[in-house]
Amino acid sequence: MFSFQRAVILLFSLNCLIISTSSRNTYKVIPIVTSVQLQDNFKYLNSSATIHNTSTESKVDLAITVTRPLPDPWMNFVVWIDLATGTLQTPLQNTTFDFCEFLKNPGLHRIGQILHREVKRNGNIPNCPIGPGLYKFCGISTAAMRLPPFIPVASYIMHVFVGVGNEIVYDSRWHGSLKRVKCTSSMRC
């Protein structure tokens, strides 16, 4: 009986050691943006994006000048991941939703919530109805985006449409790769 208790204590201690050692060597998956294609409906808005890359993150500056009100906007959000075949597979995410409802409750869309959190930290997110004005987001860090750890390292395309009624007013394609980086004491994992 005594040796059984020792074995349990030994196994528990080993397990704690393994967990504490592995937590120091954890990795996280971050998106690295390599290019972006923007198509705007100039009747409604004009946008620009600039990418600043380092070996461990991308930072994006995004500016959107809305020239007329956007009543009841909707968003379509599609993410494709290429796992090595060279051709894009079925979308990992493909959803259309009411953009104003999303702004009120970002938790309605998991990947959108991750993006919304970082965009909000770096600029002025509009309220609905979205009125004319400059909406500028500087230094949106992809390293701060907390993606689920099960997402594989791969290339991706994120396609974002924003529309009003039957018109698409913003169409963007964000190309990049998902990269696994080692967590450091200065980064949140």
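**Close-up views of a predicted model**

**View 1. Strand 4 and strand 7 are joined by 10 bridges and run antiparallel.** The model shown in this and the following views is predicted. Among the residues of this pairing, Trp80 has Ile157 in strand 7 as its bridge partner.

**View 2. An open sheet is formed by five strands in the order 1-8-7-4-5.** The pairing in this sheet is antiparallel. Its edges are strand 1 and strand 5 (93–98), each of which pairs on one side only. From one strand to the next, the twist averages 20°.

**View 3. The largest nonpolar core comprises 36 residues.** Leu70, Val169 and Tyr170 are the residues with the most contacts inside this core. At least two core residues are supplied by each of several strands, namely strand 1 (27–40), strand 3 (58–66), strand 4 (73–82), strand 6 (133–141), strand 7 (155–164) and strand 8 (167–182), and likewise by each of helix 2 (99–104) and helix 3 (110–121). Strand 7 contributes the largest share, five residues.

**View 4. Tyr170 is among the residues with the most contacts inside the largest nonpolar core.** When residues up to four places away in sequence are not counted, Tyr170 touches Leu38, Gln39 and Asp40, together with Leu45, Ser47 and Leu62.

**View 5. Phe97, Phe99 and Phe102 form one aromatic cluster.** A pair of aromatic rings is described by the distance of the centres and the angle of the planes. The structure holds two aromatic pairs. One of them, Phe97 with Phe102, is tilted, at 5.2 Å centre to centre with 50° between the planes.

**View 6. Phe99 and Phe102 lie three residues apart in helix 2.** Because of this spacing, Phe99 and Phe102 are separated by about one helical turn. Phe99 has a relative accessible area of 13% and is therefore buried, the criterion being a value under 20%. Phe102 is likewise buried, with a relative accessible area of 5%.

**View 7. Arg68 lies over the face of Tyr44.** The distance of Arg68 from the ring centre of Tyr44 is 5.0 Å.

Conventions. Residues numbered from 1 in each chain as written. Predicted model: local features only at pLDDT ≥ 70, side-chain atom pairs only at ≥ 80, totals over all residues. Heavy atoms only, no water. Core = buried A, V, L, I, M, F, W, Y, C linked by side-chain atoms within 4.5 Å. Buried < 20%, exposed > 50% of the residue type's maximum accessible area, 1.4 Å probe, protein only. Helix = DSSP H or I, 4+ residues; strand = E, 2+ residues; numbered from the N terminus. Contact = heavy atoms within 4.5 Å. Pairing = 2+ DSSP bridges. Axes fitted to C-alpha atoms, helices over the stretch in contact; angles between N-to-C directions. Phe/Tyr/Trp six-rings, centres within 6.5 Å; stacked < 30°, edge-to-face > 60°. Lys NZ or Arg CZ within 6 Å of the ring centre and 35° of its normal.
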